[in-house]
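Please report on the fold of the chains shown here and on how they meet.

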Number of protein chains: 2
Amino acid sequence: MGVLSAFKRMVVGRRLANAQLGQTLLPKRLALPVFASDALSSVAYAIDEILITLSLAGMVGFLFSWEIGVAVGVVVAVVVASYRQTVHAYPSGGGDYEVASDNLGRFAGLTVASALMVDYVLTVAVSVSAGIINAKAIAPFLQGHEAWAAAGVIVVIALINLRGVRESGAAFAWPTYIFMFSMLSMIAIGLFRILALGHDLQSETADLIVMRPDGMEELAGWALIAILARAFSSGCAALTGVEAISNGVPAFKPPKSRNAATVLAMLGALAITMLLGIVALANLTRVHLIDELTGTYYINEAGETINSAATTVIGQLGRVVFMDWFQPGFYILITATMLVLFLAANTAFNGFPSLASILAKDGYLPRQLHTRGDRLAYSNGITMLAIAAAALVLVFDASVTALIQLYVVGVFISFTLGQVGMIRYWTRALSRERDKKARARMQRSRAINTVGAALTGTVLIVVLVSKFTHGAYLALVAMAAVFAFMLAISNHYLAVAQEVALTPDSDRALPSRVRGVVLVQRVNLPTLKAIAFARATRPTTLAAVTVAVDDDEVERILDEWESEDFGIPLKVIASPYREITGPFIRYVSELRTENPRDVVSVYIPEYVVGHWWEQLLHNQTALLIRTRLHFMPGVMVTSVPYQLRSSGRAKAIAKKASAPSRRMGR
Amino acid sequence: MGVLSAFKRMVVGRRLANAQLGQTLLPKRLALPVFASDALSSVAYAIDEILITLSLAGMVGFLFSWEIGVAVGVVVAVVVASYRQTVHAYPSGGGDYEVASDNLGRFAGLTVASALMVDYVLTVAVSVSAGIINAKAIAPFLQGHEAWAAAGVIVVIALINLRGVRESGAAFAWPTYIFMFSMLSMIAIGLFRILALGHDLQSETADLIVMRPDGMEELAGWALIAILARAFSSGCAALTGVEAISNGVPAFKPPKSRNAATVLAMLGALAITMLLGIVALANLTRVHLIDELTGTYYINEAGETINSAATTVIGQLGRVVFMDWFQPGFYILITATMLVLFLAANTAFNGFPSLASILAKDGYLPRQLHTRGDRLAYSNGITMLAIAAAALVLVFDASVTALIQLYVVGVFISFTLGQVGMIRYWTRALSRERDKKARARMQRSRAINTVGAALTGTVLIVVLVSKFTHGAYLALVAMAAVFAFMLAISNHYLAVAQEVALTPDSDRALPSRVRGVVLVQRVNLPTLKAIAFARATRPTTLAAVTVAVDDDEVERILDEWESEDFGIPLKVIASPYREITGPFIRYVSELRTENPRDVVSVYIPEYVVGHWWEQLLHNQTALLIRTRLHFMPGVMVTSVPYQLRSSGRAKAIAKKASAPSRRMGR
């Protein structure tokens with residue numbers, strides 16, 4: 001094994017035997033952390049973004065954090081309830097895409113798919129950026145290098161994913177459980193210390209006064225309402241990751257749907273608890289954030305202006321709750337938060353190729369992406385996602401506040417269409433169902449989905465209105481581009497399928513005879529092999545043909561031909577122009593014209609070599625001839641490969657490239 | 001015809017029928033200007049470079065211009081006489097490469113070839129740069145934009161060459177004849193006015209005093225001799241282009257050799273006349289140049305320092321001879337000089353692909369470059385040459401003085417090896433020849449080539465010593481790289497040829513039976529066609545095989561299969577991993593193992609589409625399978641193309657790409 005392949009195995013990993021496939025199904029205790037990383041980690045940055053947006057209204061804004069937290073919590077509850085219906089109705093893992101396609105038609109499905117594709121990229125960018133910002137609470141040296149650090153993390157996650165998801169499944173569990181435990185501990189201990197023990201816990205930003213960029217202290221009226229709407233929209237980022245479960249149902253151990261619904265409920269409860277717990281604690285300890293991008297700033301007690309943003313809400317709370325009492329708790333909390341945010345990015349790396357595979361099956365993406373066994377296709381998806389996310393992070397300087405303006409739109413487009421689709425689904429199901437108990441259950445589900453659709457639709461409008469000019473339009477443009485791209489592919493496949501469909505009128509006549517033609521460029525072993533193989537097929541006629549590019553060479557070939565006993569004559573085609581392709585094509589074309597009911601079978605000896613640059617030195621004429629013969633009806637082109645000794649190395653590479661990957665079954 | 005193909009035809013031109021080939025042979029009156037552009041135009045910049053180099057010795061340097069002009073003239077005369085022998089002995093057009101390979105062996109030939117390849121690039125760069133510098137005499141706005149202007153001219157010449165050389169052949173004649181006429185007129189009129197009429201013609205730089213960069217006025221002793229040696233080396237640039245005729249003999253009308261020798265003699269006489277005439281005139285009108293790169297400068301009569309270079313020698317002479325007498329003469333002279341220099345670059349665009357073709361035939365370059373009919377191969381050569389030359393021009397800021405340091409080395413390596421080869425050639429010929437008269441002729445030829453070899457070898461040493469550190473080493477490095485590259489290709493081809501050679505021990509056994517396998521991915525017209533073609537070849541056994549990637553799809557395929565009457569059973573291969581390639585390869589491999597003496601023939605239906613991006617959407621699985629099957633001995637892979645309607649467009653493009661080009665036969 002060469003150095004390169006050793007390195008490749010180290011990075012990409014050993015291939016899994018097919019028999020190991022069953023092992024990749026997730027029990028609940030693993031499924032919870034796998035999906036929790038995405039769903040719960042978003043709570044961490046959602047609260048930051050709520051407070052940052054509220055700072056635009058000056059000090060008065062923070063008074064509303066409580067109401068906005070509750071509003072987001074209500075949305076989480078409703079969405080979780082809605083998706084519990086979806087996972088029961090659609091256990092196949094297509095998620096909102098399948099729901100929308102099935103019930104609302106091709107364009108709705110494609111809209112959801114476009115939104116999800118763009119959102120996967122944003123999930124990676126936002127989660128990793130948030131992880132880096134959190135890390136700054138314990139690693140201040142990251143200050144000023146956020147974008148490159150985030151891009152580096154994305155590359156590392158992509159490499160881990162190229163190794164396959166199985167290891168990650170187990171690797172997920174620990175940090176996520178530690179994150180949940182330390183987060184809930186912080187909330188419980190903090191509230192207990194303040195409310196029960198009466199400790200006066202004040203955050204590091206408690207006594208800083210936040211000023212608006214125009215120097216005014218407060219906003220009121222419509223301007224305030226607009227800020228509140230944007231704060232709510234940003235807070236809705238807490239909902240991202242919930243829909244991942246509806247895509248991941250097939251990865252659960254049976255009973256799949258029930259297990260998925262249970263995990264969904266657990267996640268919902270955890271998310272709401274964390275959200276409200278942190279908001280409560282942030283209010284009690286008087287956490288104030290500023291928006292560096294828009295230019296709000298602090299004034300301290302000495303009346304000095306401070307322009308640099310404080311650390312994150314979780315960083316401030318962790319410090320005030322743990323640092324005078326149990327210092328390791330703070331470090332564990334921050335580390336776990338950071339890791340969970342990176343793992344959330346990892347979830348997108350699982351979801352993206354799965355979605356691509358489903359879309360490929362439906363003919364919206366190149367078909368070869370469907371056959372998941374081909375590691376190459378998955379690798380391409382992972383690489384594309386990593387490049388797009390890294391580019392976003394570098395362009396937006398890893399600013400969560402900037403990226404989040406693009407983020408939530410796609411999630412709520414997908415939510416809304418998914419819920420509307422579910423209403424339609426239940427209505428249809430009801431029209432077929434006669435059993436009373438079942439009907440009652442369906443009607444209850446439909447009611448839940450109706451509430452879900454109404455609420456998510458409303459949120460979508462709020463998000464669109466409040467964020468459109470702040471960046472949401474960029475996300476919409478990207479989605480439209482993806483939509484148009486996939487539609488073009490789909491239309492192409494449909495047109496081709498129609499063109500090649502077998503109809504009763506299709507010509508089923510068998511060609512009567514085969515005219516064999518062997519292309520001879522030199523008299524050597526590859527040519528000998530091609531002639532032997534051609535003769536083995538016993539064509540009606542068989543001719544060996546060479547094109548006279550060079551008089552001396554033709555004479556040598558004829559001499560060598562005669563000294564061998566090939567049993568067939570060698571036909572020499574004149575080519576005063578030292579050209580091979582044209583005269584040969586004309587010869588085949590004439591053969592076709594003379595025998596219109598026969599098939600012409602052209603045998604081309606090909607060299608199989610070991611290095612790509614050797615490939616450039618051989619077979620170029622064969623390639624050109626094959627390409628042009630492909631345009632001629634009634635001609636088939638047979639490559640007779642001759643394996644040179646150096647081909648052994650290339651064989652191993654080709655085998656590895658198309659080896660089945662070890663992605664889990666979702 | 002679409003807009004794109006209309007544009008392409010406009011740029012690349014209509015293809016020539018084979019019958020037109022004979023027309024491209026050149027009569028003398030066309031051959032003279034075609035080759036003169038290269039050989040004579042170099043006189044223009046050679047004189048500039050002589051004077052610029054002499055300026056390094058201060059005012060005393062210019063006193064030696066006369067001697068150096070004569071020395072260069074002698075070299076021209078000897079080299080022309082030597083090459084007249086070569087064109088008689090080698091009418092096939094291989095030039096020095098063929099002479100060196102034949103008589104001195106593979107490495108000498110390869111050395112000449114490397115030198116010539118590098119020199120072609122330099123010819124383009126130097127000629128176009130010199131053309132632009134000349135153009136500045138009438139178009140001062142080019143000042144400061146020389147590099148980009150030169151790169152632009154190179155692109156235009158490359159485009160013209162992609163159209164084929166026939167038009168250029170005729171287009172060559174006029175500017176070159178005008179150049180010769182106006183140059184000779186200038187010399188004659190100038191000398192007549194000064195010597196016969198006694199006019200006091202003084203160039204614009206006559207009264208400027210040239211100072212060395214160190215402020216000293218004069219050099220003496222060894223330093224002066226070193227400067228003179230470099231001035232002579234630069235002046236030898238006048239010889240470039242002479243060897244082009246020895247490469248171009250096949251392009252002449254019969255009697256080819258005699259006509260080529262005549263044109264060579266005419267060119268030599270013209271070059272020497274121009275060279276000495278211009279030197280005489282420059283001396284009489286007291287032309288002084290400075291070297292901007294090294295930092296020599298002028299001091300005018302007022303004692304002021306002038307750092308910017310004056311216009312070229314031809315520009316100054318043309319102005320002083322014509323401007324007070326017949327002003328259009330000046331403009332015609334400068335325009336013709338510029339055009340001829342550009343045409344000289346064009347000569348390299350002809351020579352480069354011809355040389356590449358010869359080298360490809362001998363296995364030093366990828367073999368497909370040999371078949372000249374393929375326009376694609378020629379286009380690649382032209383494009384490569386244009387890119388390399390444009391890069392050189394941009395890197396060296398279109399400075400002829402800088403580029404010329406790299407230039408002359410290759411020419412004289414090629415001269416010297418060519419002449420030494422000719423000595424060997426005559427010695428061999430003499431050993432066979434008994435006729436007295438013929439022997440006398442041969443001995444005379446050998447004497448001429450011996451003088452040529454001695455002189456060019458001496459010049460090569462002078463050039464290497466005087467220019468090595470000034471840039472010649474770069475040319476040598478480039479030549480060594482080209483040498484190593486071509487040697488590697490040659491070794492590869494030789495190793496392969498040995499591996500595939502037919503020997504008495506080669507296995508000539510015919511395979512006994514053919515096992516046909518049709519890959520089925522869908523039941524449609526392409527599959528129907530593949531099965532029909534496969535059945536037409538009447539294999540011993542024939543199986544249709546599909547890989548079960550998706551259970552629903554397999555069921556649909558089986559249903560459709562049954563409703564059609566294909567006459568062969570469909571075998572379904574399990575693939576729990578949703579993978580196609582691996583299981584199919586394993587199936588074929590098992591078939592091979594079970595029937596080791598039989599050939600397996602795999603039939604793959606392929607879609608032939610119209611756009612490259614459509615190609616990305618189809619046949620990817622087929623491509624992967626074909627690549628992996630190529631590594632399996634005893635398997636042949638047959639593509640059964642199905643032409644979709646959109647393929648009509650692509651067919652036209654494919655035809656055009658491989659259409660014979662209209663390059664003339666040299």
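In this predicted model, B:Val210 stands opposite B:Tyr298 in S2(B). The two residues belong to a pairing of S1(B) with strand S2 (residues 297–299) of chain B, antiparallel over 3 bridges. The pairing is part of an open sheet of 3 strands in chain B, ordered S1-S2-S3 with antiparallel pairing. Strand S1 (209–211) and strand S3 (305–306) of chain B are its edge strands, each pairing on one side only.

**A buried strand in chain B**

How many residues of strand S4 (residues 514–519) of chain B are buried? The count is 6 of the 6, so the strand is largely enclosed by the rest of the structure. B:Val514, B:Gly516 and B:Val518 point one way from S4(B). B:Arg515, B:Val517 and B:Leu519 point the other way, and all are buried.

S4(B) pairs with strand S7 (residues 599–608) of chain B in the parallel sense, over 5 bridges. S4(B) also pairs with strand S5 (residues 541–548) of chain B, again parallel and over 5 bridges. B:Val518 takes part in both pairings: B:Val518 stands opposite B:Tyr603 in S7(B) and opposite B:Ala544 in S5(B).

| Strands | Sense | Bridges |
|---|---|---|
| S1(B) and S2(B) | antiparallel | 3 bridges |
| S4(B) and S7(B) | parallel | 5 bridges |
| S4(B) and S5(B) | parallel | 5 bridges |
| S8(A) and S8(B) | antiparallel | 3 bridges |

**Chain A as a whole**

Chain A has 22 helices and 8 strands. Its C-alpha trace spans about 105 × 65 × 50 Å along the principal axes. Of its 666 residues, 52% count as buried. Among contacts in chain A with a separation of 6 or more, 83% join residues 24 or more positions apart.

The chain is divided into domain 1 (8–14 + 25–490) and domain 2 (514–657). The centres of the two domains of chain A, taken over C-alpha atoms, are 59 Å apart.

**Helices of chain A**

Helix H15 (residues 436–467) of chain A has 32 residues. At 1.5 Å a residue it should span 46 Å, and its end C-alpha atoms are 46 Å apart, which agrees. Its buried residues include A:Met442, A:Ile448, A:Gly452, A:Val459 and A:Lys467. The cover over the buried residues of H15(A) includes helix H3 (65–89), helix H8 (221–235), helix H14 (400–432) and H16 of chain A.

A:Ile132 lies in helix H5 (residues 106–135) of chain A. Is A:Ile132 buried or exposed? A:Ile132 has 26 C-beta neighbours inside 10 Å. A residue is buried if 20 or more lie within that distance, so A:Ile132 counts as buried. Not counting residues up to four places away in sequence, A:Ile132 touches A:Leu142, A:Glu146, A:Ala149, A:Ala150 and A:Ala398. A:Ser399 is 267 residues from A:Ile132 along the chain, with 9.9 Å between their C-alpha atoms.

A:Asn380 lies in helix H13 (residues 375–395) of chain A. It is partly exposed, with 16 other C-beta atoms within 10 Å. A:Asn380 and A:Val523 are 143 residues apart in sequence and 42 Å apart in space, C-alpha to C-alpha.

**Where the chains meet**

72 residues of chain A are in contact with 73 residues of chain B. The elements of chain A that give two or more residues to this side include helix H16 (472–500), helix H19 (581–594), strand S7 (599–608) and helix H22 (647–657). S8(A) gives the most, with 8 residues. By class, this side of chain A has 37 nonpolar, 21 polar and 14 charged residues.

S8(A) pairs with strand S8 (residues 635–643) of chain B, antiparallel over 3 bridges.

How are the two copies related? Chain A can be laid on chain B with an RMSD of 0.3 Å, by a turn of 179 degrees and a shift of 0.1 Å along the axis. The copies are thus related as by a two-fold rotation axis. In chain A, the C-alpha nearest the axis is that of A:Thr638, 2.0 Å from it. The same surface serves both copies, as 100% of the contact residues of chain A recur in chain B.

Note on methods
Residues numbered from 1 in each chain as written. Chains lettered and ligands numbered in written order. Predicted model: local features only at pLDDT ≥ 70, side-chain atom pairs only at ≥ 80, totals over all residues. Helix = DSSP H or I, 4+ residues; strand = E, 2+ residues; numbered from the N terminus. Buried ≥ 20, exposed ≤ 12 C-beta atoms within 10 Å, placed from the backbone. Contact = placed C-beta atoms within 7 Å. Nonpolar A, V, L, I, M, F, W, Y, C, P; charged D, E, K, R; others polar. Pairing = 2+ DSSP bridges. Least-squares fit on C-alpha atoms with pLDDT ≥ 70 in both. Domains from an automatic or database assignment. Expected span 1.5 Å × (residues − 1).
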